[in-house]
Amino acid sequence: MAQPDLFAPTMHPPMAPEGRTGPRFWFRRLAVFKDPQTIIRDVSLKPGLNIIWTPDMSSSGNRALAHGSGKTTFCRLLRACLGEPAYATDPQRSRIMARLPNGVIAAEVLIDGACWVIVRPLGFLGGEFAVRAESIEEAIARGRLDGDQTFIDPVLIDTFFPTIAGVTPPEVSHDQVWDVLRAWLTRDQECRLADILAWRSSQTQTRSRAQVLGETAKLTMVRLALRALDAEERAAAGRERDLVAAVEDERRRQAYQQQRYADGLKAVRLELGVGDEVGFDDTIDQKGLVSLAERALADAMRTDLPKPPDVSSIFGRLNALNEERGVFIAKQQKFENETRFKRDEAGRYRSEATLGEIDITQGRIRVCPVCRVSIDEVRAKGCGISLEACDLSALKVAIAEKQKRAAELDAEANSAEQAAKGVEAQIQQLGPRRQALEAEAKAADTASRTAQVAAKEVQDRIYRSRRILDDARSLRAAEAAAKPTPPGTAALEAVRAQLESGRSRARAAIRTLEERYQGIMAAWLPDGVEGTIKLDGHGLKVDAEFSGRGEVSTAALDSLKIVAFDLAALHMAIEEKADLPAFLIHDSPREADLDGQLYARLFSLVHQWEKEVEIPCFQYIVTTTTAPPPELQGDNHIRLRMSSTPAEMRLFGMDI
């Protein structure tokens, strides 16, 4: 007869602290309303085991599918009442809103004996609230009031996580503590229980913080909740992050400096026209980079700068010539003006003389200069205008004087015209000189620009040579001063030693979790299966091994390990050895190839926990298509039975 293994793990039902007469946190009721006055579904829940069952064909005896009845939606409605932003995917939400535009979900949640009612609309956004009330009906009749809480998160954080909320990783704010841990306690069915940290799938569009949280942050939250992470290790982890960041910054800085050094050395060699074989210092065979750069600078500084022509003297002579030409042009203008004036005056005198002209030589007198009447007529008839006789002699003298003055002005105008032509000739004589000076100035300007370009090229060459010399000297100094820096530092090694010490202390809490896990595995699985939980620098690992075969991994066994891990955490929460509410939801935890009898033992195991006490101090809600054991198929444990057909048997009692 084989001797019993005295050290074999055994499962002991969890024992709540003395004086605890029920769970600190549990759902008492979930109701779905078509509108605030019309209830569609009313589900009462209880402490302990709660089964939501949609029988498969083997259990129901009909051809109704076990899928599509609303099991996952039921779980998501519970989560929504616990503050999860979205209760369905966007397409599902649109369909529900179309069928139930005034629909409401409401839940009664008991926290340390106080009833909180959470009300959320199924249709249009807004209007959700959480309030202390005795029943759902009372809260709906009261309605939302100013000052009501939107969600229950702050109450749960203050009740269960006051110590955790102050020490979360940077990625998790105070207000997100329950959002993250809620994801662990109510895993997405879409995650398929693939990993202990696989809580939320992107397919479910929950908008939970846990959906985008990194593995390290989630592991930290799990360890905090299991009391497996103390202040000293947290401080060491913070210092490690800082030191790792500093070391990484130093590594990047060194890489940058090395790249700059390589690029600078390549540029110096390229400028000096030498290959990689030439070093900084002189050798017997060849000059080094520094000497070559010094010689290049000396050669550049010895370069003669071209002397630009004296452009200013050329422009001075050109200005003087232009001034002289301007004097001539002014003089010419003066003579031309004088010519025009005198010719105009001569014309005026000549016109006046012609006006009273008396042609005596021909014996003909044209008109009287006063009255413009023919002289012959005046003599024959007498002047009817003038009272005095015309003085023809005086008129003749006056005409002669005007004609004389006109002749004198013509002569003077001719003289001024000749003078203007003479000045014009002088101006013409200045033209060739002016053209020559302008050509000389243009050539001088071109030569000056050329000299400036050449001077700049020389200056640039000197600048480049000086810069290359400075770069060569700096690179040589950098090469001499460069010392390889080890990737780690003494401080980082010391901090990592503290971290390992912290993990060693945490292993006491992990050992407690492991004992619960091993006991659950021993009660659940056949003989010869051992479970282990390990915490190291790579994370938290949950294993199951068959004696003599080592670790075995299948989809069914892997999911079973995750369920056992969650139950072990629930066990610790019941005993209040973890900072978690003793609450857990598993949505269809059976994988396809998990043995039916083995799966049924899950229900029996949890049922055993509640049999040990009058009122269980936990709540476990599980959905299933596989039939529970016969003794658990009564109304006390089957809190809701659904079917995909007919539509009235679905969660919403209709097609959605």
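**Close-up views of a predicted model**

**View 1. An aromatic pair within helix H15.** Tyr599 and Phe603 both belong to helix H15 (residues 596–611) and are 4 residues apart, about one turn of the helix. Helices here are DSSP runs of H or I with at least four residues, strands are runs of E with at least two, and both are numbered from the N terminus. The ring centres of Tyr599 and Phe603 are 5.3 Å apart and the planes stand at 85°, so this pair is edge-to-face. Rings of Phe, Tyr and Trp (its six-membered ring) pair if their centres lie within 6.5 Å; planes under 30 degrees apart count as stacked, over 60 as edge-to-face and the rest as tilted. The model is predicted: local features need pLDDT of at least 70, side-chain atom pairs count only at pLDDT 80 or more, and totals for chains, interfaces and linings use all residues. Residues are numbered from 1 along each chain as its sequence is written, and side-chain values use heavy atoms, with hydrogens and water left out.

**View 2. The pair Phe25 and Phe27.** The structure holds 11 aromatic pairs. In the pair of Phe25 and Phe27, the centres are 6.4 Å apart and the planes at 70°, so the arrangement is edge-to-face. Both residues are buried. Phe25 and Phe27 form one aromatic cluster with Phe160, Phe161, Trp178 and Phe583.

**View 3. The open sheet.** Five strands form an open sheet in the order E2-E1-E4-E5-E6, with antiparallel pairing; two strands pair if DSSP finds at least two bridges between them. Strand E2 (38–44) and strand E6 (129–132) are the edge strands, each pairing on one side only. Strand E1 (residues 25–35) is joined to E2 by 6 bridges, and Ala31 stands opposite Asp42 in E2.

**View 4. Helices H6 and H7.** Helix H6 (residues 177–185) and helix H7 (residues 215–225) pack at about 90°, with axes 11 Å apart. Axes are lines fitted to C-alpha atoms, for helices over the stretch in contact, and angles run from 0 to 180 degrees between N-to-C directions. H6 is therefore roughly perpendicular to H7 (65 to 115 degrees; under 35 is roughly parallel, over 145 roughly antiparallel, the rest oblique). Val177, Val180, Leu181 and Trp184 of H6 contact Met221, Val222 and Ala225 of H7, where contact means heavy atoms within 4.5 Å. In H7, 9 of its 11 residues are buried.

Methods. Buried means under 20% relative accessible area, exposed over 50%, partly exposed in between (1.4 Å probe, protein chains only).
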